Number of protein chains: 4
Amino acid sequence: MNYFEAFSEIAAELEEIEDRGQVAAYIPELSHVDPDKFGIHLTTVKNQQYFLGDSNTKFSIQSISKVLALTLARGLEENYLWDRVGVEPSGSPFNSLVQLEYEQGIPRNPLINAGALVVCDVLIGSLKNPQQEFIEFVRILAGDPDIGYCPRVAKSERLTGHKNAAMINLIKSYGNINHDIDLVLDFYCDLCSVEMSCKQLAQAFLFLATNGTNPLTGKEVVSVSRSKRINAIMQLCGFYDEAGEFAFKVGLPGKSGVGGGIIAIHPGKYSIAVWSPRLNAKGNSFKGMKFLELFTTRIGSSIF
Amino acid sequence: MNYFEAFSEIAAELEEIEDRGQVAAYIPELSHVDPDKFGIHLTTVKNQQYFLGDSNTKFSIQSISKVLALTLARGLEENYLWDRVGVEPSGSPFNSLVQLEYEQGIPRNPLINAGALVVCDVLIGSLKNPQQEFIEFVRILAGDPDIGYCPRVAKSERLTGHKNAAMINLIKSYGNINHDIDLVLDFYCDLCSVEMSCKQLAQAFLFLATNGTNPLTGKEVVSVSRSKRINAIMQLCGFYDEAGEFAFKVGLPGKSGVGGGIIAIHPGKYSIAVWSPRLNAKGNSFKGMKFLELFTTRIGSSIF
Amino acid sequence: MNYFEAFSEIAAELEEIEDRGQVAAYIPELSHVDPDKFGIHLTTVKNQQYFLGDSNTKFSIQSISKVLALTLARGLEENYLWDRVGVEPSGSPFNSLVQLEYEQGIPRNPLINAGALVVCDVLIGSLKNPQQEFIEFVRILAGDPDIGYCPRVAKSERLTGHKNAAMINLIKSYGNINHDIDLVLDFYCDLCSVEMSCKQLAQAFLFLATNGTNPLTGKEVVSVSRSKRINAIMQLCGFYDEAGEFAFKVGLPGKSGVGGGIIAIHPGKYSIAVWSPRLNAKGNSFKGMKFLELFTTRIGSSIF
Amino acid sequence: MNYFEAFSEIAAELEEIEDRGQVAAYIPELSHVDPDKFGIHLTTVKNQQYFLGDSNTKFSIQSISKVLALTLARGLEENYLWDRVGVEPSGSPFNSLVQLEYEQGIPRNPLINAGALVVCDVLIGSLKNPQQEFIEFVRILAGDPDIGYCPRVAKSERLTGHKNAAMINLIKSYGNINHDIDLVLDFYCDLCSVEMSCKQLAQAFLFLATNGTNPLTGKEVVSVSRSKRINAIMQLCGFYDEAGEFAFKVGLPGKSGVGGGIIAIHPGKYSIAVWSPRLNAKGNSFKGMKFLELFTTRIGSSIF
C-alpha cells in the first residue's frame, strides 16, 4: 500500500474518533495553540516525501529536542556521558525524585528531564556558544535555515519550571552538574522552545533511519553504532510512562513532546513526524499515538 | 560474514575476558551447575542451524519461560489480560513492591515476577491441566518431546521464594489473583524449573522471528500482531533493570533467566540462545550478554 | 473539675457534632457492630472509677492488643527484641512495604502490623502455649477472667488478610521470622480478636500509669524503665499516620484499634479507654479521638 | 538527687565512653569547631541554674532554631499554618522528597527542613523585617541581647545547600511557597546560623516548661495549649530519624541541631541544653544523646 493512501484512510478513520486529549496547560504559552491542528510528514531514506494536513506549520517541539541534544553530545565526546546518565527506562513518574536520590544523582536516561539537564550541562562544557551551535546543528540536519527558538515559550517554561529546578538542584547536590544552575536551566528551556514543522522534523531525524548519515550532506552525524543506540534509547525511553505502550502498539523507536509532536523512525525505511496538540493522560499526543498505531498496523511493518 | 565464523571469533575473544559473574545462589538447587558451561545455538528462519559449545546441554531456563507462558495465554484469550497486567518497563527493582501498591496490584508487565504470577493465574483459569498443557505447548514449539520440569528446582524455589509469596499476597489483596495462592505459586515454580538446551530454546522461540507461525508445523502460534507485540514487550521488559543496556548494546528483543540462559530474536532473520551460568550484578548472564553484544556488533545487524 | 462532670459535658457537646466516621469493613465480621455504641471508662492510679455509656460492653480491641503483646514479650526476654524491630514512627502508610525492603526486613516499630508480626514470632519462640498464656496474661492485668478471643473475627481476618501475609513473607525473606508463617499469622489474628470492654481495658493498662506495677496484685508487670519506654513507643507510634495529631491534640500516649477502641495513659494519674466504632479516614475512632481531645483540653492536663 | 551531682557523675561516666561521632562536615564552616567541647546548662522553672563545662561558649544552634521560628509563627497567626504543614513524624530520610510529592507539597512537620522552609515563608509574609524581628524575639526569650547570626555559616550553608533548594522548588511547584525562593532560602540559612550558648538556649526555651509564659518577663509567649502542642511536635519530630530513640531513651520533648546542640524540656520542671559537636550516624550529638539518656534515667524522671 502506498503511504499516502494509508495517510488519507487513517485520517478519515480518526475523524470518527473523539479526540479526548487536552492541550498542555502547565506551560502557559503552550496553551494558546489551535487544538485542532493535525499534520503528518514522512520522509523515506530515498528522499520520497509523503505528507498531509498542517505538515508545514511550526509548533513547539519541546522534549523531542532532547534527542537532538543527545545526538550533538554523542558527536562531541566519548563515552564519559554514560557515567553521568543511564540508558534504562524510568518506570513510574511518581518516583522520579526518589529514583534520583536512590541512584545518587545519576538520571536513568537522557530523554527524561533529569537526564536532559545533564546533557545540557555536558554541552555547555563542550561548546563555546551552546545556544547558537545547537540551533545551527538542527538547521543543518533539517537542511533548512528557517528554524529557531521561541523566546516567549522558553521564558514561560523558565518561570514556571519549579520541578525542573528541584531536579537540577538535587542532581547538583550529588555533584553531577558542573555549571551554574541558572545557565543550564536557561539552555534547557531554550532547547525545549525550538519550533519546527512536521516536514522539518522528519528531515532532521532521517539520519537515524540511515545509520547515522545525514542524507542531505552525505556526512556522518554519528557513527552507525551510535545511531542504533540512539534508536534503542528512544525505543525504551521516548514516551515517559507510555514507552511500553508505544513499542507495543506502534513498534518503532520514537520521541514525543508536550507540544503534541511525535517523531518515529523505521531504521532503513523512513522517519515520520506527526503533530496534534491534544495530549492523553500520559502527556503524549492522543491523535498522534493513535495515528501511528493505525499506520504501522495498516502497512504491516514495524521493527518487531 | 558467516554466523559460525563470528561465533568462533567471539568465543576466542571472550576467553581473554575474565568472567566476573556469580552463579545464582538464592535458589539452592541452581548453585550446583558447572559455572564454566557455555553454549550457543542460532536457528534462522530458513531452518539453518549454527551452534557452538554446550549447545545441547539442558539447563534451567527460569524466567525465559515467562515469555512462553505469556504466549500460551495470548493464544487462549482475548484482550482482558491487559486489564490485569501492564506493558511498561518496571524501573528500579528497589520499588517493585511499592509500585504494585501504587498501581493497585496491576504488575507493570508480564515478564517480571509479579506479572508472571498473574499470567499463571490466567492460565490456571483457562486450562484443565495447566502443568501438562504448558509443557506440551513447549514441546510442540521446540519440536522435541524431550523437555520437562525439574521437580527438585521447582521445590527448592518454592521453599525459599518468600518474596514471590509476598508479591502474590499483595496482588491478591487488590483482587488481581483469582485462584488459590499455593496453586499459583506451585505452577509458577514449575514453569521456572523447565529444562531446555540452547538448541531447544532457539527452536522453540523461532515463531517470534517468523511473525507468529511455528516453522516446523506451519501453524499459527499467535497472530502477526501478537508476535510483534511479544517482541516489543521482550525488548522493553526482558532484562529487569538492564533492559536499556541490552537494547543499547545488543539491539534485539530477548529474555534472560537466572539459570544463565538468554534468548534473543531478530525478527525476519533468526532466534539465538546463549547459555553461561555466571550472572552479572543485575542477574543476567555475564558472558551471554557480552557474547550477544559482540555478535550483533560484528555482523552489523540489529533491529535499530 | 471532676472527671465525671467533664465526661457528661463533653458527651453532650459531641452529640452536636456529626459522627462522620465509617465502621471498619475490611474485616467482614467487624462490620456487624452497632455503630452508635459509645463508652468511656477512666481508672485512676488510686483505683477511682469514672465511666459513661456502653463502658461495660465488649468489643474487638484489634491493634490495642499489640501493646499487650509487646509488654508480654518485654517481660520475657532481654534486649534482643530491639535487634528485630525498631522504635521509630513509620511515616506514611503508602510506603510500609518499601520501608521494610529499605530497612532489610526490620519493621519500624512493634505497633505497626509488620512489627507486631515479629513480636508474635518472638512470643511463639518463648511460650509453650502462646494463645493460652497470652490471654491469661491479659486476664490477670485486667483482674477479670471473663476475657477471651473471638474465633469468628480471628478467622475472618485470617481469610482476608492478604496484605499481612505479604508483609510476613517479605520479613521472612530477610530472615526476621523464625517460625512457620501460618502459625504466626494464626496467633496474630487471635491477638487482634480479643474482646474487652472499656472497663476491662482501662484496668488492664493501668500498670503503664503506675510505672509498671499491676495495681491489683502489687506485682511488677515490667520494670519502671520498660513501662516508660512502652509509653514512649505508644506516644510516637500508637496511631499510625495520626500519631502526631494525637500527641498534638490529646497529648497522652495511647493506642487505637480498628474496632473503634482507644486506650490512653496519663502516667502517674490514670488510664482511660474510649469506644466508638465509626473510624476516621486514618482508621482511628472519629468520636473517640474527639472525646479525648476535648477531655485533656477541658481538664487542662496532658504530659506536655 | 541534686541535678549538679548527677551532671558530674554522668560526665565522669561519659569520659569512659569513646565518643564515636563525627563533626558535621557538609557545611564547611561548621567543620572548624573544636570537637571536644562539652557543655550543659539546666534552668528550672523556679529559676535555679545548674551547669557544667563549656556552657557559656556559643555554637551554631542550626535546626534548634526551627522551634523558635515555629513559636514566632504560632504567636503571629491563627491556624492556617496547619493547612500548609503537617504535625506527623517524617519516617525514613530516604523518602523525604517522594513524601513531598506524595503529599502534594505539604511537608510532614515544621521541624524538618521542608517544613521549616514553609514556616520561613509564613514569617516573611507576616513580618516587616524578618531577620531583625526574629533575632529580637530570641534575645527577649533568652533575656540576653548578646545573640546574633553568623554570616559566614549562613553563607556557607547557602552555597552548598542544593538539597534545600531542590526541596523548596518542589514545594513551590505545588504552590506552597508564596515568596521568592532566594529570599526564603536566605532567611532559612540565617536562622540556622544563630549562635547561642547552652545557658542562653536553656533560658530561651524555658517558656515551654512553663506553659508558654516567659518566666523573665511574665508575658505569654504562646498560649498554654500552643506551648503543649509545640512540645508534642518536638517529641514526635525533633530528632529526624531518631525521634523514637530519643523518646524511648530520654523521654522528653526536645530538638537537636547539627552543630551538636540539643535542647530538651521537662514541662513543669526544667529546660536543659547540652552541647557536644560530634554527631552520630543520624546527625544528632553522640555525647549529648548519651548524656540526656543517663540523666533522665539517673534522676528517674521523664514525661512517660
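Reply: One term is needed at the start: a helix here is a DSSP run of H or I with at least four residues, and helices are numbered from the N terminus. Please also keep in mind throughout that this is a predicted model.

Me: In which helix does E133(A) lie?
Reply: The helix to look at in chain A is the one that covers residues 130-142. E133(A) belongs to that stretch, and the helix is named α6.

Me: Is E133(A) buried, exposed or partly exposed?
Reply: A residue counts as buried with 20 or more other C-beta atoms within 10 Å of its own, and as exposed with 12 or fewer. E133(A) has 14 other C-beta atoms within 10 Å, and therefore this residue is partly exposed.

Me: How far is the C-alpha atom of E133(A) from that of G218(A)?
Reply: Along the chain, E133(A) and G218(A) are 85 residues apart.

Me: What radius of gyration does chain A have, and what would a compact globule have?
Reply: Chain A holds 13 helices and nine strands, and the C-alpha trace of chain A spans about 55 × 40 × 35 Å along its principal axes. For 304 residues, a compact globule would have a radius of gyration near 19 Å, which agrees with that of chain A, 18 Å.

Me: What share of the residues in chain A is buried?
Reply: Of the contacts in chain A between residues at least 6 apart in sequence, 68% join residues at least 24 apart. As for burial, the count is taken over the 304 residues of chain A, and the buried share comes to 59%.

Me: Which strands stand at the edges of the open sheet of chain B?
Reply: The sheet has five strands in the order β3-β2-β8-β7-β6 (chain B), with antiparallel pairing. An edge strand has a single partner strand, so one side of it is left without a neighbour in the sheet, and in chain B this holds for β3 and β6 (254-256).

Me: What phi does N47(B) take in the hairpin of β2(B) and β3(B)?
Reply: This hairpin has four residues between the strands. N47(B) takes a positive phi there, with a value near 70 degrees.

Me: What is the phi of Y240(B), and where is the place of Y240(B)?
Reply: Most residues other than glycine have a negative phi. Y240(B) is buried because 22 other C-beta atoms lie within 10 Å of its own. Phi of Y240(B) is positive, near 50 degrees, and its place is in the loop between α11 (224-237) and α12 (243-249) of chain B.

Me: How many C-beta neighbours inside 10 Å does Y240(D) have?
Reply: Y240(D) is in the loop between α11 (224-237) and α12 (243-249) of chain D, and phi of Y240(D) is positive, near 50 degrees. Y240(D) counts as buried, because its C-beta neighbours inside 10 Å number 22.

Me: At what angle do α5 and α8 of chain C pack?
Reply: In the contact of these helices, N113(C), A114(C), L117(C) and V118(C) of α5(C) meet N164(C), M167(C), I168(C) and I171(C) of α8(C). By class, this contact has six nonpolar, two polar and no charged residues. The crossing of α5(C) past α8(C) is right-handed. With their axes 10 Å apart, helix α5 (residues 113-126) and helix α8 (residues 162-173) of chain C pack at an angle of about 65 degrees.

Me: Which helix gives the most to the side of chain B that touches chain C?
Reply: Chain B and chain C each bring 13 residues to their contact. On the side of chain B, α4 (96-102) and α8 (162-173) each supply at least two residues. The residues on this side of chain B divide into six nonpolar, four polar and three charged, and the helix that gives the most, with eight residues, is α8(B).

Me: How far apart are the nearest C-alpha atoms of chain A and chain C, and those of chain B and chain D?
Reply: Chain B and chain D do not touch, and their nearest C-alpha atoms are 11 Å apart. Chain A and chain C do not touch either, and the distance between their nearest C-alpha atoms is 11 Å.

Methods:
Residues are numbered from 1 along each chain as its sequence is written. Chains are lettered from A and ligands numbered from 1 in the order in which they are written. This is a predicted model: local features need pLDDT of at least 70, side-chain atom pairs count only at pLDDT 80 or more; totals for chains, interfaces and linings use all residues. Axes are lines fitted to C-alpha atoms, for helices over the stretch in contact, and angles run from 0 to 180 degrees between N-to-C directions. A crossing is left-handed if the near helix is turned anticlockwise from the far one by less than a right angle, and right-handed if clockwise. Two residues are in contact if their C-beta atoms, placed from the backbone, lie within 7 Å. Ala, Val, Leu, Ile, Met, Phe, Trp, Tyr, Cys and Pro count as nonpolar, Asp, Glu, Lys and Arg as charged, and the others, Gly among them, as polar. The radius of gyration is taken over C-alpha atoms; the globule rule is 2.2 Å times the number of residues to the power 0.38. Two strands pair if DSSP finds at least two bridges between them.
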